[in-house]
Amino acid sequence: YSAALWGAFAFTSLFASAWGLNELLDLDLSMLEWAHGRYHPIVNTVFHYAYLAFDIGLMVLVLVVLDRAGMSRCEFVRWWLYGAAGAVAYAVLLNVGLAAGLPAAAMLRWDEVQYMTIAGVPVARTGPFEEGNYFGWYLLASVVIAAWGTLRWPDRLFRAMLPVLLLGVVISASPAALLGALAVLFAAAFGGRASPWVRTAAVAGAVAVAVFLGATGLFRTLVLDKFSLIFVGGVTDVTNVSLVQRVNETYHAWRMFVDHPFGVGMGNFGYFFGHYPDLYTWMVSDFATFKRIANNIYVEVLAEHGIGPALLFLYLLWVQGRRLLTAREYLLGLGYVLTCGYFLAFPTFRIAMIWVFWGLLVHVGA
């Protein structure tokens, strides 16, 4: 049922893409031809629909394997955590190698590495992913799965992975992942059948994290500097304006939706971005040499797919969460809400790991 509705979502968004493609082919896009991450409109459209079909197919594959007992839920958790352990190990290796003066290519990294300064030390926050946000979301989902598995099965791997995942969350320097992971662990410790020493360890761990955030200045970097426009009415660190950029991109997406309520077509946000002024006049967005994205999945779907598919998108997210609550899988439900909250500042929902995670949740909810 869920897979069929996701297929309907993809089909209904074709109308917006047909209009957007027709509009773009009539424009002179020569100034955008060399933009990083941008392709010809036809290639761009085909790529996005092919990847969305792959995502939906991947979720169906997970459902089929779990429903037909090709793999048990416990085995699914174990294999997911094997991958998470490898991701954290690579993130540590990447930072050690870069600190030793080795080039990123020595760690099989050829694209750009994102950094965040922690206690005066630059930390590579991307891990094996393209950017730190992807790594943070993956680790938050992994904490959810590990905590859920720990409460269901007496497997030492699941418990042992929790501190490993928290190390990865700190490396990712994602405030949403850090706060979300702590919320999940507290819910698992105080809402489940955990022993008193586990609850004591959860409190001690939270205190240790709070001390670490304050002592290293990470709290100021991730919260005070990032949200300074809200707190003090200005930007305290001009190198840490990601939140301001996201608000500006959300503004572009909203203006785009108001002008085109039936959508501009999947993946076409960057093409129409330059039609609208920036929200903050002091910050000029370079849309000619770098493909702009909405960086907020909900307004991205609204602007690109249009009002109809956007409502279907929200309905599908609601149904997936409601089924978990009906099944009394409250920890998974909390994790699902937190990961959906992460989407308020996330590049795209068309990433394979999201759909594998959803496959498990849909199976459990059913």
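Is C74 buried or exposed, and what is its relative accessible area? In this predicted model, where local features need pLDDT of at least 70, side-chain atom pairs count only at pLDDT 80 or more, and totals for chains, interfaces and linings use all residues, C74 is buried, with a relative accessible area of 15%. Residues are numbered from 1 along each chain as its sequence is written, and side-chain values use heavy atoms, with hydrogens and water left out. Buried denotes under 20% relative accessible area, exposed over 50%, and partly exposed the range in between, with a 1.4 Å probe and protein chains only. C340 likewise counts as buried, because its relative accessibility is 9%. The count of disulfides, defined as pairs of cysteine sulfur atoms within 2.5 Å, comes to 0.

Salt bridges were examined next. A salt bridge is a side-chain nitrogen of Lys or Arg within 4 Å of a carboxyl oxygen of Asp or Glu, and the count comes to 5. One of them joins the side chains of D111 and R109, with 2.8 Å from N to O. D111 is partly exposed at 40% relative accessibility, whereas R109 is buried at 5%.

A further salt bridge is formed by E329 and R152, at 3.0 Å from N to O. E329 lies in the loop between α13 (307–326) and α14, and R152 lies in helix α4 (residues 132–152), so the pair ties together parts that are 177 residues apart in sequence. Helices (H or I, at least four residues) and strands (E, at least two) are DSSP runs, numbered from the N terminus. With 13% relative accessibility E329 counts as buried, while R152 counts as partly exposed at 38%. The charged end of R152 also sits over the ring of W153, 5.3 Å from its centre; this term requires NZ of Lys or CZ of Arg within 6 Å of the ring centre and within 35 degrees of the ring normal.

R292 likewise takes part in both kinds of contact. In its salt bridge with E249, the closest N and O atoms are 3.2 Å apart. E249 belongs to helix α10 (residues 242–259) and R292 to the loop between α11 (269–272) and α12 (297–305), so this pair ties together parts 43 residues apart in sequence. E249 is buried at 5% relative accessibility, and R292 is buried at 14%. The charged end of R292 sits over the ring of F273, 5.7 Å from its centre.

Aromatic pairs number 32, under the rule that rings of Phe, Tyr and Trp (its six-membered ring) pair if their centres lie within 6.5 Å, with planes under 30 degrees apart counted as stacked, over 60 as edge-to-face and the rest as tilted. Among them is the edge-to-face pair of F9 and F349, at 6.0 Å centre to centre and 70° between the planes. This pair links distant parts of the chain: F9 is in helix α1 (residues 2–25) and F349 in the loop between α14 (330–342) and α15 (352–365), 340 residues apart. F9 counts as buried at 0% relative accessibility, and F349 counts as buried at 0%.

V203 lies in helix α7 and is partly exposed, given its relative accessibility of 38%.
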